[in-house]
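Open the model in your viewer and keep the selection panel at hand.

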Amino acid sequence: MYRKIFVVLAILILLISCSKRKQNQGSGTWVEVKQADLPSEVSATGTVVPRVGAQVKVGPRVSGKLEHLYVKVGDKVEKGQVLAVVEQKDLQANVLRMESQVKDAEAALAYQRANFQRLSKLYEEGVVSIDAFDAAKKSLDSAEAQLKSAKAQLDYSKIQLSYATITAPISGTIGSVSTQEGETVAASLSAPTFVTILDLSRLEVDAYVDEVDIGRIKVGDKASFSVDAYPDKNWNAKVEAIYPDATIKDNVVYYATILSIEDNYEGFLRPQMTASVTIHLDTLSGVLAIPSKAVKRENGVPYVLVKEGEKSVKRQISIGRESGDLIEVKGGLSLGDKVLVQQQRSEM
């Protein structure tokens, strides 16, 4: 009696085990091995930044009170446009003073030149001594030097006066204004900043690529990116440079990669926008490929279930690049073979 009960229980356990195995295995679809093109991509996060020279801080090179400020944040300016003017009465007065010194030096030179010419004739006639002749020549040379020095001082004073008028060194948009009319600025070792000019037509993307992927990237690779402000819009770019030095963030090693933007982006992109970057690498063309879900592993060795007649046979395979939902098959399968893609179902 106990033996019969034991046999019945064993049969029930076997049936339940088989039922659960079938439930776990779930339904599947037979998919043919086909040829496909498998692109390779590297994803990274980056930041939109101005290119070198596209962001300039502008300020005066002389001290004084700011008399006029002609721009505000957001204004468009052209190269050479006047942005601000610092008080310049003292500088103008210095220019007038140096102009008068130049005139004095010119008058002194004219006198010494005429005197030297008179003494030269008298010296040739033997009326004056050689000492008098040499003294006249020395006075003439000194007068010429004094005139050169006065003219140099005049040029310098005019340059100082020009520094009181601040002009735009580049064309662009006013990004910030840090000084107001009436404030006094002191130009010492470094010029104070009045305004910052941004050329929004000269931007780039600084992307941070993981050290695992950096060896696959080279200058000239195509790329694309989007920003959070316009998630449905993509811009094409190209790898322009790769920094040799690493950046460590959260104990992960990254390498800064500069991307030049190839599309028109004016009116959309702004500095410091976060960019989602995709760098497009080489493409494997016409390779054998199957769905990645068809691949299983046993002790680390990949295998698939292949249809042979009405049966499914386990077959070890060699795999390569994975791209999207497909994976490259390097060996173990032929074109037209059918592999099982199982759909797993959780137990109730």
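Which helix do the buried residues of helix 2 pack against? They pack against helix 3 (130–162). Contact here means heavy atoms within 4.5 Å, and buried means under 20% relative accessible area with a 1.4 Å probe, protein chains only.

This is a predicted model: local features need pLDDT of at least 70, side-chain atom pairs count only at pLDDT 80 or more, and totals for chains, interfaces and linings use all residues. Residues are numbered from 1 along each chain as its sequence is written, and side-chain values use heavy atoms, without hydrogens and water.

**Helix 2.** Select residues 89–124. Now colour the buried residues, among them Leu91, Val95, Met98, Val102 and Phe116. Gly126 follows helix 2, with a positive phi near 80°.

**Whole chain.** Zoom out. The protein chain has 4 helices and 21 strands (DSSP runs: H or I, at least four residues; E, at least two). Of its 348 residues, 34% are buried. Among contacts with a separation of 6 or more, 74% join residues 24 or more positions apart.

**Largest pocket.** Select Lys76, Thr173, Leu200, Ser201 and Glu266, which lie nearest the centre of the largest pocket. The lining has 15 residues: 5 nonpolar, 5 polar and 5 charged. Strand 5 (76–77) and strand 8 (172–177) each supply at least two residues of this lining. A pocket is an open set of points on a 1 Å grid where a 1.4 Å probe fits, with protein on both sides within 12 Å along at least five of seven lines; lining residues have an atom within 4 Å of a point.

Definitions and conventions
Buried < 20%, exposed > 50% of the residue type's maximum accessible area, 1.4 Å probe, protein only. Expected span 1.5 Å × (residues − 1). Nonpolar A, V, L, I, M, F, W, Y, C, P; charged D, E, K, R; others polar.
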